[in-house]
Amino acid sequence: MKSTQAFKSIGVIGGGAWGTALASLCAANGIPTTIWAREEQVVRTINDRHENTEYLPDVPLPAPLKAVGSLSMAAENEALLFVVPAQFARTAFAELRSAAGDRQQPVALCSKGIERDTGLLMTEVLSAVWPEALPAVLSGPSFARDVAMGLPTAVTLACADEELGKRWMATIGAPHFRPYLSDDLTGAELGGAVKNVLAIAAGVVAGQGMGESARAALIARGFSEFQRLGVALGAEAQTMAGLSGLGDLILTASSPQSRNMSLGIELGKGRSLDDVLASRNSVSEGVATAGAIHALAEKAGIDAPICAAVAELVSGSRNVDDIIAALLARPFTTEA
């Protein structure tokens, strides 16, 4: 794989913490990299100060990294890393397709979520809006700051075309950032989406002071839920148990550094969802994804009580105390 040629240039679509970390990674690998950000301040500080002061402060970025406010300029690169939040992806895909024309451009999807209104995975949205794009999925246990600081990280890189996958590996791979190749895009996407929902639940457990034993049980039972759902939707059980599934769940449901777990902690303490969201400048994808996951599980006939509980919580249809009481009152059953 080392002999595979990396992409000649990379455009990173999304100037948040994760997009900035990935752009820094590519630029540090010596690949000409352009990052698109909507906010003028983000573009300015990356170009002038080599730092994203808004979303990834106090992390130095490679001097060659270039930030732009024009989506079409970023789309001029050979391949794209797409890091726009899932609920805004459809519009961004349409703009990128307009800029790229009919070109078969490689696009690695790095956002973790499901389109709320349609229940579609990001690869499905991409296929519907920009059919010429060549999709890959990058997912796994990776905090943006860890990656940007060069701390060891391993992720899943899912791509149906093995040679294209190898090019992505040659582009983003580094001694401290280890991508493992897979052809299971559905599994990689679902793991990244469902773990955010379960992380909210784990945060509620922490916020309620229910103890580490309860959180461990929630992670294990939550994993059982999304493994059943993933297999029902065509994913491989091995993917669900890998980096983009269980690995990402362990990270996201174990650290308050996770946006979704930290949101759950505040909900568990009794704060309202609107209040928590109003105090943040970043997106907690699990909020928008919970209802979509619940709908997918119901359609597939999969029992997913934890995901259903989070969907009820973020929709405001039930409060924390009632949801916890209902979960703890469920009948005893077999583990399998």
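Leaving aside its neighbours within four places in sequence, with which residues is Ser-258 in contact?

## Ser-258 and its surroundings

In this predicted model, Ser-258 is in contact with Phe-143, Ala-199 and Thr-252 once its neighbours within four places in sequence are set aside. Ser-258 is placed in the loop between helix H11 (243-252) and helix H12 (259-268). Its relative accessible area is 2%, and because buried means under 20%, Ser-258 is classed as buried.

## Annotated positions

An unreviewed UniProt entry gives the feature "binding site" at Lys-112, Gly-140, Ser-142, Lys-195, Asp-248, Ser-258, Arg-259 and Asn-260. From this set, Lys-112 belongs to the lining of the largest cavity. The UniProt annotation "active site", also from an unreviewed entry, covers Lys-195.

Lys-195 lies in helix H8 (residues 185-207). With a relative accessibility of 6%, Lys-195 counts as buried. Apart from neighbours within four places in sequence, Lys-195 is in contact with Lys-112, Asp-248, Leu-249 and Thr-252. Thr-252 is also listed among the contacts of Ser-258.

Side chains of opposite charge can pair when their charged atoms come close. A network of salt bridges links Lys-112, Lys-195 and Asp-248. These three residues are also among the positions that UniProt marks as "binding site".

## Salt bridges elsewhere in the structure

The whole structure contains 13 salt bridges. One of them joins Glu-132 to Arg-97, with the closest N and O atoms 2.7 Å apart. This pair links distant parts of the chain, 35 residues apart: Glu-132 is in the loop between helix H5 (122-129) and strand S6 (134-139), while Arg-97 is in helix H4 (residues 89-100). Glu-132 is buried at 16% relative accessibility, whereas Arg-97, at 32%, is partly exposed.

Other pairs lie within a single helix. In helix H7 (residues 162-172), Glu-163 and Lys-166 are 3 residues apart, about one turn of the helix, and their side chains form a salt bridge at 3.7 Å, N to O. Glu-163 is partly exposed at 47% relative accessibility, and Lys-166 is buried at 17%. In helix H9 (residues 212-232), Arg-215 and Glu-212 are separated by about one helical turn because they are 3 residues apart. The closest N and O atoms of their salt bridge are 2.5 Å apart. Arg-215 is buried, with a relative accessible area of 15%, whereas Glu-212 is exposed at 54% relative accessibility.

Technical notes:
Residues numbered from 1 in each chain as written. Predicted model: local features only at pLDDT ≥ 70, side-chain atom pairs only at ≥ 80, totals over all residues. Heavy atoms only, no water. UniProt positions renumbered as here; feature names shortened; annotations may be inferred. 1 Å grid on protein atoms, 1.4 Å probe; cavity = no way out; pocket = protein on both sides within 12 Å on 5 of 7 lines; lining within 4 Å. Helix = DSSP H or I, 4+ residues; strand = E, 2+ residues; numbered from the N terminus. Buried < 20%, exposed > 50% of the residue type's maximum accessible area, 1.4 Å probe, protein only. Contact = heavy atoms within 4.5 Å. Salt bridge = Lys/Arg side-chain N within 4 Å of Asp/Glu carboxyl O.
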